[in-house]
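The following exercises concern a predicted model. Please examine the sequence and the structure before working through the solutions.

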There are 2 protein chains.
Amino acid sequence: MAATRIGAPMLGVLGGMGPLASAQFMLRLTLLTDAARDQDHIPAVLWSDPRVPDRTAARIAGGEDPLPALLRGIAGLQAAGCGAIAIPCNTAHGWIEGMQAATPLPILHIVDAAEAELRRLGVAPGPIGVMGTAGTLAMRLYQARLEARGWTCLVPEAAEMATLVSPGIAEVKANRITAAYEPLAEAAQRLVVRGARAVVLGCTEIPLGIAAGPALPFPVCDTIDGLARAAIAWAGRSLSQSGSATPAGLA
Amino acid sequence: MAATRIGAPMLGVLGGMGPLASAQFMLRLTLLTDAARDQDHIPAVLWSDPRVPDRTAARIAGGEDPLPALLRGIAGLQAAGCGAIAIPCNTAHGWIEGMQAATPLPILHIVDAAEAELRRLGVAPGPIGVMGTAGTLAMRLYQARLEARGWTCLVPEAAEMATLVSPGIAEVKANRITAAYEPLAEAAQRLVVRGARAVVLGCTEIPLGIAAGPALPFPVCDTIDGLARAAIAWAGRSLSQSGSATPAGLA
């Protein structure tokens, strides 16, 4: 276990998109850190402002620009003394250039974290499925970053987005987690049938829904866990050996 | 459902004591809020600084005073624009006068939240069990506040603290949640045998351990949920009807 680093910078977490996903990020960050007592854990500030305008609506339907709200969060985390920013929302990464231009703090990119998670799961570059919001898919967040590195991204068809993925994400945001499992699991399975070797749960609501039912019989890349592991590496801490599985009944 | 209150003050959460308990507080705050989309949820800032010196060591063993670290968190939450403070750590309430003297923001008292939770569970004033850290029990946090209101607090004996309660709390802080269940459940059961009508889980690590095994056959008062309900009331929101139970597999 790493020594306690008094005075080490805090991790800034720009969350609230949605709030359940960012709470889950804090929980997994804690469980995945090798720690024997409170003082061994990573100091963090979570800015959970769910009032950030809807990212998908902004990207594909002319909705309100979320950047000003995102920049308020970045400024708040910087003022709090944070040393890096993690954003447990894939779609918000569509505004990463604007956020990065406004702060000297490094922003841990969730797509890089997802790629590291795929490799950790033993998935070699090749065809993978990518589930996400309609905004994330329309902005080609994963395709643009991963295809140059040897990955091929298979995404749900428009009809599958409308009937399975988008409704599943909305169920999680409305606290109906168990109702989200079936449509999200069905969409993931279809990507595997089409040749994906693994499926990236590229919206942080999706792992919450997928966890609410039986485990899927193929590798899934949880972008909450991936980002938590990237944050632990940034903080110079070790990964927990014992605490990585989630105990039954927690939450 | 309450209308979205753009511009409403954020809830400040002084956490990290421990970090798993404060992450769980954020999760339960979200699940217990009546919401249909991200923007309906309560804006919040979680200041999760696990480096705060150990509260029990300070209270009973001459350890470092935690108040300066607590005040840094309060100042950070106030600077972030929060309108009230919730502290998901019972023992930290031993320094509430010092914290309240340093800020005009109201601090939602966890013992008042626990009392409201007891009443919600249908437990009338009378004998109750109170589990907590050795620090919380030594400072008579619950006894001093509740006995004037008709409650009688039964607490674990010194030997039970040393062999059951304190080790159980330490297991949770070290991410060994399932190992915490047995000693904590045993301590709770002994209080009921001695006449307690319900048991207050008066340390926010304890509900995490108790959730990791079979439900106890008597009312238990979860101080994480109680404080979350108090925060939802402060924010003027309604409680969720559907999302209050925790979905299987979450976290």
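**Exercise 1.** In which sense do strand β1 and strand β2 of chain B pair, and over how many bridges?

*Solution.* Step 1: locate residues 10–15 of chain B for β1 and residues 44–48 of chain B for β2. Step 2: the two strands pair in the parallel sense, over 5 bridges. Step 3: within this pairing, Gly12(B) lies opposite Val45(B) of β2(B). Step 4: on the sheet packs helix α3 of chain A (residues 67–79), which touches β1, β2, β3 and β4 of chain A. The direction of this helix makes about 165° with that of β1(A).

**Exercise 2.** Determine the strand order of the open sheet, and explain why one side of each edge strand has no neighbour in the sheet.

*Solution.* Step 1: the order of the 8 strands is β4(A)-β3(A)-β1(A)-β2(A)-β2(B)-β1(B)-β3(B)-β4(B), with mixed pairing. Step 2: β4 of chain A and β4 of chain B (107–108 in each) stand at the edges; each has a single partner strand, so one side of each is left without a neighbour.

**Exercise 3.** Identify the residues that touch the most other members of the largest nonpolar core.

*Solution.* Step 1: this core holds 174 residues, and Phe25(A) and Phe25(B) touch the most other members. Step 2: helix α1 of chain B (residues 19–32) gives the most to the core, with 9 residues. Step 3: leaving aside residues up to four places away in sequence, the contacts of Phe25(B) include Leu11(B), Val13(B), Ile224(B) and Leu227(B).

**Exercise 4.** Which elements each supply at least two residues of the lining of the largest cavity?

*Solution.* Step 1: the largest cavity contains about 70 Å³ of space. Step 2: its lining includes Met26(A), His41(A), Pro19(B) and Leu46(B). Step 3: the elements are α1 of chain A, together with α1 and β2 of chain B.

Key. Residues are numbered from 1 along each chain as its sequence is written. Chains are lettered from A and ligands numbered from 1 in the order in which they are written. This is a predicted model: local features need pLDDT of at least 70, side-chain atom pairs count only at pLDDT 80 or more; totals for chains, interfaces and linings use all residues. Side-chain values use heavy atoms; hydrogens and water are left out. Two strands pair if DSSP finds at least two bridges between them. Helices (H or I, at least four residues) and strands (E, at least two) are DSSP runs, numbered from the N terminus. Contact means heavy atoms within 4.5 Å. Axes are lines fitted to C-alpha atoms, for helices over the stretch in contact, and angles run from 0 to 180 degrees between N-to-C directions. A nonpolar core is a set of buried Ala, Val, Leu, Ile, Met, Phe, Trp, Tyr and Cys residues joined through side-chain atoms within 4.5 Å. Buried means under 20% relative accessible area, exposed over 50%, partly exposed in between (1.4 Å probe, protein chains only). On a 1 Å grid over the protein atoms alone, a cavity is a set of points where a 1.4 Å probe fits but cannot get out, and a pocket is an open set with protein on both sides within 12 Å along at least five of seven lines; lining residues have an atom within 4 Å of a point. Grid points are joined across faces, edges and corners, and a volume is the space filled by probe spheres set on the points.
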